[in-house]
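I opened a notebook for this structure and wrote down what I looked up. The entries follow the order in which I went through the topics.

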Amino acid sequence: MAQTCKNWCVMDLAGLSENQFKEVVMGFSNVGKEVGMNISKQKEDVLRITGTMRQAEDMAGSIEEKIKQAIKHFDGDGKKMELMLIIFPFKAGFLYDKIKQLGDMKYSITTQCCLKTVLYKGDSLNKQVVGNICLKINAKLGGINHILAPKSKPAVLKRPVMVMGADVSHPAPESRGLKPSIAAIVASVEPKAANYEVEIRIQDGGQNEEVIQDMKNSH
């Protein structure tokens, strides 16, 4: 099940030329079609916001201001931004974490980060990489990329059933007692068992137990 992405933003922190920006928009639209997605390439549907890594790193609120600017742009036209594609010139762990925290927890927007050096192969857009990114975007927007073929479907999926998974990740030994453990639970929400909801919690990491505390109250 492929999704549609009509209103989206490219946050360019990699200094793309105008031609490269247009190539990225056309590339995601065209390659998206090949995987079943409908990603708009219309000028009025795609916002470009530019900046530099130095600016983003030196000014703590710079990234958030750019996100707010994008949201306001679409809200002003009575639209909702469905995706923000962020292009980095190089890996930036701190900025990546900040963008994900703002997108996932504060503004509830779908974000996808990528590196210009990976996006491009020489002077040309790497369509294979774009295709892989499109699949990630499709899943983030609620689409389904892969399902089991009927002949491979186990008997348990031939009737209504919820597939669940759970795990606990512990801090390194030297951080025991200083950092918490992280518990996560996922559960399928449709008959193909391809879409999942997730709940993540922190819990006392002192014991390093493979036990999820208060499991019965997970939602």
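**Entry 1: a lysine and its salt bridge**

I began with Lys 79, which is partly exposed at a relative accessible area of 24%. The terms I use are buried for under 20% relative accessible area, exposed for over 50%, and partly exposed in between, with a 1.4 Å probe and protein chains only. The model is a predicted one, in which local features need pLDDT of at least 70, side-chain atom pairs count only at pLDDT 80 or more, and totals for chains, interfaces and linings use all residues. Residues are numbered from 1 along each chain as its sequence is written, and side-chain values use heavy atoms, with hydrogens and water left out.

I then looked up the partner of Lys 79. Lys 79 forms a salt bridge with Asp 45, with 3.6 Å between the closest N and O atoms. A salt bridge here is a side-chain nitrogen of Lys or Arg within 4 Å of a carboxyl oxygen of Asp or Glu. Lys 79 sits in the loop between helix H3 (62–76) and strand S5 (83–88), and Asp 45 in the loop between strand S3 (38–39) and strand S4 (46–50), so the pair ties together parts 34 residues apart in sequence. Helices (H or I, at least four residues) and strands (E, at least two) are DSSP runs, numbered from the N terminus. Is Asp 45 buried or exposed? Asp 45 counts as buried, at 2% relative accessibility.

**Entry 2: other salt bridges**

I noted that the structure holds seven salt bridges. One of them joins Glu 64 and Lys 106, whose closest N and O atoms are 2.6 Å apart. Glu 64 lies in helix H3 and Lys 106 in helix H4 (residues 93–106), so this pair ties together parts that are 42 residues apart in sequence. Glu 64 counts as buried at 16% relative accessibility, whereas Lys 106 is partly exposed at 49%.

I also looked up the salt bridge between the side chains of Glu 65 and Lys 68, at 3.4 Å from N to O. Both residues are in helix H3, and because they are three residues apart, about one helical turn separates them. Glu 65 is partly exposed, with a relative accessible area of 47%, and Lys 68 is partly exposed too, with 38%.

**Entry 3: the aromatic pair**

I looked for aromatic pairs next. Rings of Phe, Tyr and Trp (its six-membered ring) pair if their centres lie within 6.5 Å; planes under 30 degrees apart count as stacked, over 60 as edge-to-face and the rest as tilted. The count by this rule is one aromatic pair. Trp 8 and Phe 28 form it, tilted, with 6.4 Å centre to centre and 55° between the planes. Trp 8 is in strand S2 (residues 8–12) and Phe 28 in helix H1 (residues 18–34), 20 residues apart, and the pair links distant parts of the chain. Trp 8 counts as buried at 1% relative accessibility. Phe 28 is buried as well, with a relative accessible area of 1%.

**Entry 4: helix H1 and its contacts**

I stayed with H1. Its axis and that of helix H6 (residues 127–140) come within 9 Å and cross at roughly 75°. Axes are lines fitted to C-alpha atoms, for helices over the stretch in contact, and angles run from 0 to 180 degrees between N-to-C directions. H1 and H6 are therefore roughly perpendicular to each other, a term for angles of 65 to 115 degrees.

Gly 27, Phe 28, Val 31 and Gly 32 of H1 meet Lys 127, Val 130, Gly 131, Ile 133, Cys 134 and Ile 137 of H6. Contact means heavy atoms within 4.5 Å.

Ser 29 also lies in helix H1. Ser 29 is buried, with a relative accessible area of 2%. Neighbours within four places in sequence aside, Ser 29 is in contact with Ile 39, Ser 40 and Lys 41.

**Entry 5: the protein overall**

The protein has six helices and eleven strands. Of its 219 residues, 39% count as buried. The C-alpha trace spans about 55 × 50 × 40 Å along its principal axes.

Technical notes. Parallel < 35°, antiparallel > 145°, perpendicular 65-115°, else oblique.
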